[in-house]
There are 2 protein chains.
Amino acid sequence: MLKRRKSASISEFTEKILAGDIPFLSRAITLIESTNTKHQAKATRILEACMPHANNSIRIGITGVPGVGKSTFIEAFGKHLTGAGRKVAVLAVDPSSSVNKGSILGDKTRMEQLVTDKNAYIRPSPSGESLGGVAQKTRESIILCEAAGFDTIIIETVGVGQSETAVHSMVDFFLLLKLAGAGDELQGIKRGIIEMADAIVINKADGDTIQSAKLAKVEFNRALHLYPPKDNGWTPKVLTASALKNIGIAETYEMITSYIEKSKKNDYFVTKRNVQNKYWLLETINHQLKTNFYTNPKVKKSLSMEIEKLENGETTPFNAAKRLLNTN
Amino acid sequence: MLKRRKSASISEFTEKILAGDIPFLSRAITLIESTNTKHQAKATRILEACMPHANNSIRIGITGVPGVGKSTFIEAFGKHLTGAGRKVAVLAVDPSSSVNKGSILGDKTRMEQLVTDKNAYIRPSPSGESLGGVAQKTRESIILCEAAGFDTIIIETVGVGQSETAVHSMVDFFLLLKLAGAGDELQGIKRGIIEMADAIVINKADGDTIQSAKLAKVEFNRALHLYPPKDNGWTPKVLTASALKNIGIAETYEMITSYIEKSKKNDYFVTKRNVQNKYWLLETINHQLKTNFYTNPKVKKSLSMEIEKLENGETTPFNAAKRLLNTN
């Protein structure tokens, strides 16, 4: 008979996390991910105890479609980071992840070396009903990882729905991984992704594909220059890399650290994090206001009626809205 | 002593508007723009009476920064439309407009010919406290203009805040007016504008500037082709024009009518308007939910406290949100 593990206190959790204890870190993140209200209450208190010890990190978002070599890249990049003396946590935002199915990201089996590195920590995406829910849990996990001493947090995501927007708003640097195509690099890129990127890395640039990677680099550079520089004066860069052959990895790291240095000098780093916190505060509130309204049974019933009236040209959106708001 | 005009009934308003009576159309739009609740109630009923007679038009949004020649372009374009037998209404969305200052758009003094054209109607932007408020009044004015027999509605806006987004979501075709620059056409363009455009017209392409206009056309075409075609398969076009010399105006009109034909054939036209109506319904509701929440005095007080805690790293955005939502 398995002896049931005694539930640790909040102070024990906090102590262990601050000491860098990985099992306790994992248990705390599991509490964050739990839908059980007692667990959530405990998680809230652990978070607030850890808050003063958080924030001391660089947060890097990495996105790219399946097949672009994200796991291989993160492995190579992660190894370079630990080799440079850093402690790396790899988290993920994957809205398709469910408790049963698991996440397609944070796949430990595909980061064989990194998973045994004692200065690295890999965690699959939380599962959840909505992107907002998943993003919240990941954001809170970042805090715990930072309190546990991880100074580099990588958040990975695939190009699903608004995942990139969510990850972009919780990181200091947003990296887009691409492949060299057949000259039509930018066709099919989701609107807004290029604008979010602080850098584009063209992966698998080795052997036969070196030439097309160079052409792709020109194409992406042109695309990036269609936009004004970012708020902090940074002009997004394009690099080529081969994660498999460990090419371009050190350059990527140098680019990011130079970016972080620059943005800390002009206070942009702190300002951006404050803006992100405020964004999440308002996002959470606005999301809940809408949920409260639209799940109201009276509203649900009237909403379909009003939409039908709209489609039949019987009323204006504004009059319909007025009536629905009065239903409440 | 001025004799006070007797207030007309709703049925009289409706009758006159449907008969194309311009003074009554103007009075009804003034009721829409009024902040007086009695006027608003009356406007609501006139709108609902006019709704069945609305929708029979093409709605064209035109945006461009000051100096690009918007008034001249709209005048030339409007004259071409009335010459082709159409009845044109020119409205505007200008959030900077106030009851005292007036609108910088819909400037009748700059459209001298069009203003005397009996098949044209020009109305300055409503004033209002917020873009949402202004946009709502313009949208409702569109309905009245259509009921009054105007089959082409032009909505103009400058590049301020989210005005383009608001106008884009109330029109069938969105036109971006640009000038030929010094080769750096796209620097400084607000994010998202190019993606919204169904066409870009490079104005003032005459005499010395014809050559740079051609180069700009190449540049803009390249930019537009970075994005996938629109939902209805339309690839945005770039034209050059000189509104002053009446060059390119007929071509612009042909392009738009061919677009409308195509989108009516595959039902996209109706689908898009339904989507826009639903968008405005939800926008209006969500805006009101937020207003109700954030103007609550208890919330106002707690919000600044929570934001301060955030900036001091004392709490997470999610915990702060939870407390604020419980304040309500």
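The model described here is a predicted one.

**Packing of two helices**

Two packed helices are described by the angle between their axes and the distance between the axes. In chain A, helix α10 (residues 249-265) packs against helix α11 (residues 268-294) at an angle of about 85°, and their axes are 5 Å apart. The helices α10(A) and α11(A) are therefore roughly perpendicular to each other. On the side of α10(A), the contact is made by A:Y259, A:I260, A:S263 and A:K264, while α11(A) contributes A:Y268, A:F269 and A:K272. Sorted by class, this contact of α10(A) with α11(A) comprises four nonpolar, one polar and two charged residues.

**The interface of chain A and chain B**

The size of an interface is often given as the accessible area lost when the parts come together. Between chain A and chain B, about 5,000 Å² is buried, and carbon and sulfur atoms give 62% of that area. Chain A brings 56 residues to the contact and chain B brings 55 residues. Eight residue pairs are in polar contact between chain A and chain B, counting pairs with both residues at pLDDT 80 or more. Several helices of chain A give two or more residues to the side that touches chain B, among them α3 (37-50), α6 (131-147) and α9 (210-224). Helix α11(A) gives the most to this side, with 14 residues. By class, the side of chain A that touches chain B has 27 nonpolar, 15 polar and 14 charged residues.

Helix α12 of chain A holds A:I307. Apart from neighbours within four places in sequence, A:I307 is in contact with B:K278 and B:L281. The C-alpha atoms of A:I307 and A:P317 are separated by 8.6 Å, the two residues being ten residues apart along the chain.

**Salt bridges**

Side chains of opposite charge can pair when their charged atoms come close. Over all chains the structure holds 22 salt bridges, and four are found across the interface of chain A and chain B. Two examples of salt bridges follow.

| Residue | Partner | N to O distance |
|---|---|---|
| A:E48 | B:R323 | 3.8 Å |
| A:D117 | A:K79 | 3.2 Å |

A:D117 lies in the loop between α5 (112-116) and β3 (120-122) of chain A, and A:K79 in helix α4 (residues 70-83) of chain A, so this pair ties together parts that are 38 residues apart in sequence.

Definitions and conventions: Residues numbered from 1 in each chain as written. Chains lettered and ligands numbered in written order. Predicted model: local features only at pLDDT ≥ 70, side-chain atom pairs only at ≥ 80, totals over all residues. Heavy atoms only, no water. Axes fitted to C-alpha atoms, helices over the stretch in contact; angles between N-to-C directions. Helix = DSSP H or I, 4+ residues; strand = E, 2+ residues; numbered from the N terminus. Parallel < 35°, antiparallel > 145°, perpendicular 65-115°, else oblique. Contact = heavy atoms within 4.5 Å. Nonpolar A, V, L, I, M, F, W, Y, C, P; charged D, E, K, R; others polar. Buried area = accessible area lost by both parts, 1.4 Å probe. Salt bridge = Lys/Arg side-chain N within 4 Å of Asp/Glu carboxyl O. Polar contact = N/O pair within 3.5 Å; in protein donor to acceptor, adjacent residues only side chain to side chain.
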